[in-house]
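Please work through each task before reading its solution.

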Amino acid sequence: MAISSALRRCEPWAAARFLLASRSGWRVHPPQTHPHRAECSALLSSLSAPQPGAAAEAQLLRVINYEISCAQQDCKKRDWAKELGEGFPFEIQDKEGTSRITLTRKDQKERIEVDVFLPSPADSLEQNFEQEDRVEGDNRQGQASNSAGNQYYIPLLVKIRKGTASRLEISCRSYPDELTIESLAFGPRDKSVDSSNVEAKISSLPEELQQAFYSYLKSRAISSDVTNFLHAYMINKECHEYLAWLRKLKGLMKN
């Protein structure tokens, strides 16, 4: 987990708690809000002026210990297999200490891999610009772009392997209320081959082709149920990765 990600806010997974209510078809429940988290900011704001030597180090350890205590109460072990039940269309590969998970599925003709990354803060100006390029008439999406829930997004890279020689990669952003396609590329599976001439921004494509790609993703199980689950899963993962990072930091400071 990148240090900048760990430090960017006192509660990295807080921005999206409220939006995970009940949209998922697999009934994935949101993590619960703990009132003790409000104390975190109070503790940091009440720190005294910098102190030299051992006193400053002891003060830092107290703050780290407090953060660990807060995170331990927020980071719950979840039985995802039980929550999802049968019918989830992907296998999940998750390695601790990384900033991503990979979803996989395959049939006789193609293999699908979806790289899913930890939440990133949304750029409101960039998002509004992208919304203006969307298909006209979709008022629901336009309203979603202004909601508080769209303060973050989860990056997705959908990789579809066609046979043994070709690939299609679709770069997406999953906001709490919608999935947006950013760009796509296709070509030989050998990435040493120059594929710059087959990359395209989705906004530069004709409207009907854009909609066809959204339908194509949905037919490959990149649906709202799956993306709702991913928001719950990645927020929970970020919590655990942050806790692990704090423990490593504590170990360093105690040496």
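**Exercise 1. State how many helices and strands the protein has, and what share of its residues is buried.**

Solution. The protein contains 8 helices and 8 strands; helices (H or I, at least four residues) and strands (E, at least two) are DSSP runs, numbered from the N terminus. This is a predicted model, in which local features need pLDDT of at least 70 and side-chain atom pairs count only at pLDDT 80 or more, whereas totals for chains, interfaces and linings use all residues. Residues are numbered from 1 along each chain as its sequence is written, and side-chain values use heavy atoms, with hydrogens and water left out.

Next, consider burial. Of the 255 residues, 44% count as buried (buried means under 20% relative accessible area, exposed over 50%, partly exposed in between, with a 1.4 Å probe and protein chains only). Finally, consider contacts (heavy atoms within 4.5 Å). Among those between residues at least 6 apart in sequence, 65% join residues at least 24 apart.

**Exercise 2. Determine how the rings of W80 and Y233 are arranged, and which parts of the chain they link.**

Solution. A pair of aromatic rings is described by the distance of the centres and the angle of the planes. Rings of Phe, Tyr and Trp (its six-membered ring) pair if their centres lie within 6.5 Å; planes under 30 degrees apart count as stacked, over 60 as edge-to-face and the rest as tilted. The structure holds 7 aromatic pairs. In one of them, the ring centres of W80 and Y233 are 4.9 Å apart and the planes stand at 40 degrees, so the pair is tilted. W80 belongs to helix α4 (residues 80–84) and Y233 to helix α8 (residues 224–254), 153 residues apart.

Then check the accessibility of each partner. W80 is buried at a relative accessible area of 13%, and Y233 is buried at 9%. Ring pairs also join W80 and Y233 with F88, F90 and F229 in a cluster. The charged end of R105 sits over the ring of F90, 5.8 Å from its centre (NZ of Lys or CZ of Arg within 6 Å of the ring centre and within 35 degrees of the ring normal).

**Exercise 3. Locate the disulfide, give its handedness and state which parts of the chain are tied together.**

Solution. The structure holds 1 disulfide (a pair of cysteine sulfur atoms within 2.5 Å). C75 and C239 form the disulfide, with sulfur atoms 1.9 Å apart. The torsion about their S-S bond is about -100 degrees, so the disulfide is left-handed. C75 lies in the loop between α3 (53–74) and α4, and C239 in helix α8, so parts 164 residues apart in sequence are tied together. Both C75 and C239 are buried. C70 is also buried, at 2% relative accessibility, and C172 is buried at 2%.
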